[in-house]
Amino acid sequence: MTILAITGVDKRYGEQTVLHGINLAVDAGERLVLLGPSGCGKTTLLRLVAGFEVPDLGEIRIGDQRVAADGKNLVPPQRRGVGMVFQDLALWPHMSVAQNIAFGLGAQGLSRSARRRRVGDMLARVGLAELGDRRPSALSGGQQQRVALARALVQEPRILLMDEPLSSLDIELNRRLRGEILDIQRQIGFTMVYVTHDHEEALAIASQIAVLQAGRVVASGSAGDIAGRLGLRTGSK
Ligand SMILES: Nc1ncnc2c1ncn2[C@@H]1O[C@H](COP(=O)(O)OP(=O)(O)O)[C@@H](O)[C@H]1O
Ligand SMILES: [Mg+2]
């Protein structure tokens with residue numbers, strides 16, 4: 001089942017067209033990696049899916065809903081069922097880990113005990129069960145990464161967007177955390193759109209890859225297929 005369909009999408013900033021005729025379809029449960037160099041339009045594409053930007057042309061569908069078409073957003077970000085993890089994580093420094101994750105639940109009409117249970121489950125899932133009362137600043141980089149992931153996942157998004165979430169980490173931590181992200185994704189089964197400029201990271205994470213260059217999708221297919229076409233070595237999983 002296609003959960004995300006991007007059809008003929010153009011995005012302009014002033015005179016500059018930063019995305020040209022983007023077509024992408026993502027099946028439920030897939031891990032699509034958008035791979036391309038800095039400035040090619042990866043973040044812009046994620047922001048269009050999340051609803052923070054409006055496409056100038058084309059249409060975006062999530063599940064059976066048209067969320068953007070004809071130069072307008074039809075569904076606001078908070079009603080798209082889309083979660084986002086940013087490169088800088090954007091954790092609240094004055095809140096505890098548990099409060100940060102509870103913040104992800106927003107104004108959903110949950111009872112206090114239901115909220116506490118959801119947050120507790122999520123903490124356990126990302127291996128932070130003992131650390132809920134700490135401030136983010138008292139955690140390692142890897143642990144902070146897991147808090148950001150938990151805060152997005154606690155909303156049970158249909159699609160999780162991740163914008164270079166590991167690119168500020170050293171290679172060893174990057175490898176370990178992407179393994180953890182994969183484990184959590186397989187456990188929960190959410191659909192993921194993951195942005196990186198790093199080939200090795202892309203091949204380790206992806207089930208599908210779309211290669212972006214200067215605002216255009218220049219290749220897309222299964223991770224193995226793209227690895228073959230680009231002459232990339234498939235990473236050890
Ligand atoms: N809000 C904006 N206003 C004007 N130009 C922008 C804006 N956001 C991004 N751009 C431009 O769009 C292009 C793609 O940017 P971006 O999507 O951030 O690329 P990437 O995430 O692949 O590095 C770049 O040339 C960037 O300067
Ligand atoms: Mg970017």
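User: How far is a polar side-chain atom of K42 from an oxygen atom of ligand 1?
Analyst: The distance is 2.8 Å. That is a polar contact, meaning a pair of N or O atoms within 3.5 Å. This is a predicted model, where local features need pLDDT of at least 70, side-chain atom pairs count only at pLDDT 80 or more, and totals for chains, interfaces and linings use all residues. Residues are numbered from 1 along each chain as written, chains are lettered from A and ligands numbered from 1 in the order written, and side-chain values use heavy atoms, with hydrogens and water left out.

User: And what about T43 and T44?
Analyst: An N or O atom in the T43 side chain is 2.8 Å from an oxygen atom of ligand 1. For T44 the distance is 2.6 Å.

User: How much of ligand 1 does the protein bury?
Analyst: The protein buries 60% of the 560 Å² that ligand 1 exposes when taken alone. These are accessible areas from the Shrake-Rupley method with a 1.4 Å probe.

User: Which element gives the most to the shell?
Analyst: α1, with three residues. Helices here are DSSP runs (H or I, at least four residues), and strands are E runs of at least two, numbered from the N terminus.

User: New topic. Is α1 mostly covered or open?
Analyst: Mostly covered: seven of its nine residues are buried, that is, under 20% relative accessible area (1.4 Å probe, protein chains only). Among them are K42 and T44.

User: What comes just after α1?
Analyst: G51, with a positive phi of about 100°.

Definitions and conventions: Polar contact = N/O pair within 3.5 Å; in protein donor to acceptor, adjacent residues only side chain to side chain. Buried < 20%, exposed > 50% of the residue type's maximum accessible area, 1.4 Å probe, protein only.
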